[in-house]
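Here are some notes for a colleague opening this structure for the first time. Please keep the sequence and the 3D view side by side while reading.

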Amino acid sequence: MLFSLRLGFDHPNYLWLMIALPVLLWIGYGSLGALGSFRRWFAMFFRSAVWTAIVFALAGAQLVWVSDKVTVMYLLDQSESIPSAKRQVMLEYVTKNVRRHRDRAREDRAGVIVFGREATIEIPPFDDDIYLKRLESFRGPADATNLEAALSFAQASMEEDTSRRIVIVTDGNENLGQARSLAARVAASGIGIDVVPVMLESNAEVLVEKIDLPTNIRKGQPFEARVVVNNYAENGSASPVSGKLRVKQKVGGEETLLLEEEITLDPGKNVFPMRHRIEQPAAYVYNAEFIPSSDSDDGLYQNNQATAYTYVRGKGRVLMIEDRSRLGDFDLMIGALRDNNIEVVTQASDSLFGSLAELQAYDAVILAGVPRVSGEDVEQLSSFSDEQIAMLVSNTQQLGAGLLMIGGPEAFGAGGWIGTKIEEAMPVDFKIRNTKIQAVGALALIMHAGEMAEGNHWQKVIAKSAIEQLGPADFGGVLYWNMGGDAWLWGGKNGLLEVGPNRKAMLAAIGRMTPGDMPQFDPGMRKAVAGLKRTNASVKHAIIISDGDPSPPDARTINDFKKNNISVSTVAVESHGQTGSQLMQRIAQQTGGKYYAVASGRALPKIYQREARRVSRPLVYEPENGAVPEVIFPHPLLEGIDRVLPPISGFVLTQAKESPLSQVLIQSPKPGSPENASILAVWQYGLGRTAVLTTDAGARWTSAWTEWAGYEKFHSQLVRWLMRPSGDTGKYTIATQVRDGEVQVVVNALNKDDSFKNFLDMNASVLGPDLSPIPLRMRQTAPGRYVGSFPGDKAGSYFVNVLPDAGETPLTTGVTVPYSEEFRVRETNQTLIDSLASIQPRGGSAGQVTPPLDEKPSEKLVDTNAFRGGLELARSIQDVWPWFVLAGCCLFLGDVFIRRVAVNFYWIGSAWNRVRGGSDEKESIVTARLDALQKQKDSLSDSLERKRSSVRFEPTAVDHTDAADFGEQVTESQVKPKTQSANLPESQGASYTERLLEAKRKANK
């Protein structure tokens, strides 16, 4: 059976109305008798059809196609716990199994899904054999087994017009998701599940399980760390394994070797203690690694390392990041903070932190007048990466550290921070929205880098980087060469548009850009200078990226740039020898721009971010005769500070955020728009605090502050207000442990008298290895004991911050998951495999566990028919009740027509006889009858005519004798008719009219 078609009903209870049909026919049989036999039965037929159509429509009539086609989806486990050789054997098994058992006449379908941490469809279900030599689509991480994702993907990818079966090829070591619960729902939808077990070898395996550190490490106090190493083999058949144990300590980017010794591991767990002391408060990461003497003693290398994290508190510590080119500008402020017992650690912008763990050593971070990209030459360029910016923001928002930005000529919007997450975290915006402030720049980009490796890709990246750096009032344009010559990417002849209302459209246009090979510089540069001249901006700049082979620009074009004070920076990429480089360098020197030569596209975004800052120079505001800032809002951090501060000679323009949480504390009277004149603004951002000081700390704009008596108090109170609370944590302890993919956080709380602290409303937050926030809820489980947990399914460091109660010092800790649970287990999970196969699908029989997958697909395994029956037949349903409604309406009209109109169908037979060429006998009979009637009519007319002529009046002679008698004068004409009438032949008898007159006279007597 390929398919069959039948009629079904969505609401079959309405079919009971068909019982009324005989009653309807009985009533109709009597009431329709006047129609005659034929029309009566015809009307009863239409009436029955109308009633049936109405009942079927009410019952929800459906057409149901039933098919015995089978779709099989093969789910191949590509996680790293399975050796790569067996992962290749899976493909061979699938191709052989499909080729042997797929029913081509029935048009069975087969598909393949591969999965590790994520699931990907390799081949969608289709009705042909599978020829799969290697996997093309699987590029996801393989450090986990997510059976749930694979089952969900398989269910979604199979259409419901066939019977469906899933064949899972796996070792069953699930460590993400809940496959059992999803498999039950899959089976409830009629999908069967077979499992092909992958048996793992029972080789020896060494796992470094953890580094155990005390939870209450104090500065200068010795403690014991323990490294736990497991020498494991199936059935306990492990033998001693020799190798080297190495333990390292990492703090602030520096790594120290603490231990390295040769050890021998006995079967089972081995514990190695290590005495250590921490002298400086900071965040410390410990790493333990085991290196076996022989590779045959260990199956997987991924589980040979473990890490641990601890944080030792001291007095408040602050990290100050300075620009390498301006080291020393903030020495006065650093000295003032240290005099107030705030420890300051300085860091140059070209040697930044590398992880969030390093930031945990500090209670606040200060960006001291530093731009996002710093350095002059390509080799010296350094920048804050997107990841490092995200770390700074997360360190404040989720972990409670403070963040302060201090102004300078290259800070805030003038430093390229526009559009970053740092701007989101600050109490002010770096973009100026006030049109009265003429902080407008114009930037033209000339693109010619198609010949470099991935040239089109990098041209789009750098163009987007530059446009994103521009403020809403700035103007931007892109020139590129196409088959029609040099053209603006947007803006028509003007070329440059205001960025604010057009930023999204500009970025979208850049994504569609396809620059060609520019033959000469001059046409594009003339368009650029003409567009920049027409633009009303205070700073105008152009950037050319090229390999240098276009012909050089005309001298008049260069002079036009110089005359209009428009600088041109050039970026040479894969230039054609020394000639190309010299040409590009000469253009930059002649116009006052900067020349860069790069060999890789990866350096380009930094260059364009730095160059885009040129048009942000108007954001630096240096009013004539300076300005005297004033305190306009009382705040605890300004306690004891004079309301009127010493004068300043400049600051960076910002835009106050439209939020009630943002507080502007100090403001300059210049410029006239208060929303752009913020000097000091603060707000609460997540668990931490952020602040901006838009002027500097004494090097350029606040030289009058260096002699101010309140200098030290102002800066120390500002920084101390921002810092994460670092007081005594009281009698709280926090501990973490990893178990079965979950990280458990336990907090014990005691009062000063050692009694339990109960019913605390603890707030907690967690940052994952990818800096994404993870929800954590702490619940009291016993007197003074609070427990929470979160999934630890990703390798890396997790940072936990718990605020025990309002006003309390936060408890900060971290836990490191060195490797996925995928690498902890080396046995096939037969229990899970059996449970998945034993689930009975709806309308079918339970699946089966096939013979295991060996080094090659065994004949017994390939012979297992995945396309067999035993599943619920697929049904495809289509509602047809609307058609029954339509049919009922049409049949009702037929019923009315039959009852109201009598139709003679004799003409059909006549027409048929004429077509056949025969005579119409019935028509001849009718014609004969009509002829006879016509003859009778003619005969009657003649008879009447004779009668009328026989009574015609004829005058005769008068008898004068008789006429003398006046009383009885009778004319001849009166006598003659009587005589003639009396003498008519008797055979003619009385006429029809005479008989009627006679009958009338009799009736009147």
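1. Start at C889. This residue is partly exposed, with a relative accessible area of 46%. Keep in mind that the model is predicted.

2. Look next at C890. C890 is partly exposed too, at a relative accessible area of 47%.

3. How far is the sulfur of C889 from the closest cysteine sulfur? The distance is 6.7 Å, and the partner is C890. Seen from C890, the closest cysteine sulfur is that of C889. A disulfide needs the two sulfur atoms within 2.5 Å, so 6.7 Å is too far for a bond.

4. How many disulfides does the whole structure hold? The search finds zero.

5. Now the rings. The count of aromatic pairs is 13. F45 and F46 form an edge-to-face pair. Their centres are 5.7 Å apart, with 75° between the planes.

6. Are F45 and F46 buried or exposed? F45 is exposed, at 53% relative accessible area. F46 counts as buried, at 15%. The cut-offs are over 50% for exposed and under 20% for buried.

7. W705 and F714 also make an edge-to-face pair. The centre-to-centre distance is 5.6 Å, and the planes stand at 90°. Both residues, W705 and F714, are buried.

8. The charged end of K594 sits over the ring of Y596. It lies 5.9 Å from the ring centre.

Technical notes: Residues are numbered from 1 along each chain as its sequence is written. This is a predicted model: local features need pLDDT of at least 70, side-chain atom pairs count only at pLDDT 80 or more; totals for chains, interfaces and linings use all residues. Side-chain values use heavy atoms; hydrogens and water are left out. Rings of Phe, Tyr and Trp (its six-membered ring) pair if their centres lie within 6.5 Å; planes under 30 degrees apart count as stacked, over 60 as edge-to-face and the rest as tilted. Buried means under 20% relative accessible area, exposed over 50%, partly exposed in between (1.4 Å probe, protein chains only). A charge sits over a ring if NZ of Lys or CZ of Arg is within 6 Å of the ring centre and within 35 degrees of the ring normal.
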